[in-house]
Amino acid sequence: MSKPVVRAQDLLVGYDGAPVCAPVTFTLNAGKAVALVGANGSGKSTVLRAVIGLLEPEGGTLQVLGAAVDERSVAFRTQVSSVLDDDAYFPALTVSEHLYLTARGHGVRGADTVVESLLTDFGLTDHARSLPPALSSGQRRRLLLAAGFARPRSLLVLDEPEQRLDHAMRDRLADRLVAEKRAGGAVLLATHDPELLLAVTDRAVHVHEDATRVLSPAEAAAVIGREQP
Ligand SMILES: Nc1ncnc2c1ncn2[C@@H]1O[C@H](COP(=O)(O)OP(=O)(O)OP(=O)(O)O)[C@@H](O)[C@H]1O
């Protein structure tokens with residue numbers, strides 16, 4: 001059997017030696033999706049930051065693609081695509097230049113075709129020549145998500161990808177993530193969206209300061225319902 005794409009065992013994450021949540025244990029295999037759910041500030045983004053190598057764990061074990069996380073390694077960088085922050089764009093590159101650079105930078109063949117297709121799928125064709133600061137926040141979000149799909153990957157890490165998307169785009173994102181799994185990709189996402197959770201994920205982790213628990217998608221959707229203001 002192939003190794004898990006992500007294996008976290010009693011993973012402790014935090015800042016300056018202070019954990020933000022209880023230790024997290026979960027496994028994510030190829031062709032599957034795991035969601036992190038929990039209240040604002042519970043630690044979901046912090047776990048994701050550790051998985052993509054932006055934050056050193058405070059304790060426990062974390063393996064991505066069968067090895068300790070090393071975001072400087074070529075193998076890691078070529079296989080892990082992430083969309084975490086809203087401002088991770090080049091302000092002086094147009095939407096299409098941004099996607100083209102991402103694709104070409106990762107050695108994608110036929111980058112022109114890939115970019116055209118992403119512009120269509122993410123509803124950005126009319127904004128292909130716009131600079132990111134001139135986009136609406138939802139359009140910028142679409143750009144960042146499109147960039148996450150513009151490059152090869154085995155693991156896709158998304159932090160609340162539903163944020164600022166309209167309903168139609170959320171549905172298209174869900175379809176895309178299901179297709180990602182069918183193609184053998186693994187998806188790890190933090191979300192507050194029960195519909196996205198139920199449509200895409202196979203399992204969820206409830207991130208909490210007292211104890212973290214692995215839940216079914218239905219159980220996790222109920223947790224989101226309870227924790228939403
Ligand atoms: N750079 C940082 N330095 C210190 N503490 C931080 C830092 N970033 C986040 N925190 C704190 O860590 C805790 C967890 O934050 P995190 O962003 O992981 O939560 P979250 O579950 O993703 O929340 P949300 O649902 O609001 O996005 C919060 O108390 C937050 O204030």
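Which hand does the crossing of H3 and H4 have? The crossing is right-handed. The notes below concern a predicted model.

1. **The H3/H4 pair.** Helices H3 and H4 pack with their axes 9 Å apart, at an angle of about 135°. The two helices are therefore oblique to each other. An angle has to be over 145 degrees to count as roughly antiparallel.

2. **Who makes that contact.** H3 contributes Ser96, Leu99, Tyr100, Ala103 and Arg104. From H4 come Ala111, Val114, Val115, Leu118 and Leu119. By class, the residues of this contact are eight nonpolar, one polar and one charged.

3. **The buried side of H3.** H3 spans residues 95-105. Its buried residues are Val95, Ser96, His98, Leu99, Tyr100, Thr102 and Ala103. They pack against two helices, H4 (111-121) and H5 (137-149). Just after H3 comes Gly107, with a positive phi of about 75°.

4. **The sheet.** Six strands make up an open sheet with mixed pairing. Their order is E8-E9-E10-E5-E11-E12. E8 (80-83) and E12 (213-215) are the edge strands, each pairing on one side only. From one strand to the next, the twist averages 20°.

5. Strand E11 covers residues 203-206 and runs antiparallel to E12. Three bridges join the two strands. His206 stands opposite Arg213 of E12.

6. **H1 on the sheet.** Helix H1 (residues 44-51) packs on the sheet. The strands it touches are E5 (33-37), E9 (155-159) and E10 (186-190). The directions of H1 and E10 make an angle of about 145°.

7. **H5 on the sheet.** H5 also packs on the sheet, where it touches E8 and E9. Its direction makes about 175° with that of E8. H5 is also one of the helices that the buried residues of H3 pack against.

8. **Burial of H1.** How many of the eight residues of H1 are buried? Eight of the eight are, so H1 is largely enclosed by the rest of the structure. Here, buried means 20 or more other C-beta atoms within 10 Å of the residue's own. The buried set includes charged residues, Lys44 and Arg49 among them. Ser45, Thr46, Val47, Leu48, Ala50 and Val51 are buried too.

9. **After H1.** Gly53 follows H1, and its phi is positive, near 85°.

Technical notes:
Residues numbered from 1 in each chain as written. Predicted model: local features only at pLDDT ≥ 70, side-chain atom pairs only at ≥ 80, totals over all residues. Buried ≥ 20, exposed ≤ 12 C-beta atoms within 10 Å, placed from the backbone. Helix = DSSP H or I, 4+ residues; strand = E, 2+ residues; numbered from the N terminus. Contact = placed C-beta atoms within 7 Å. Pairing = 2+ DSSP bridges. Axes fitted to C-alpha atoms, helices over the stretch in contact; angles between N-to-C directions. Parallel < 35°, antiparallel > 145°, perpendicular 65-115°, else oblique. Left-handed = near helix turned anticlockwise from the far one by under 90°.
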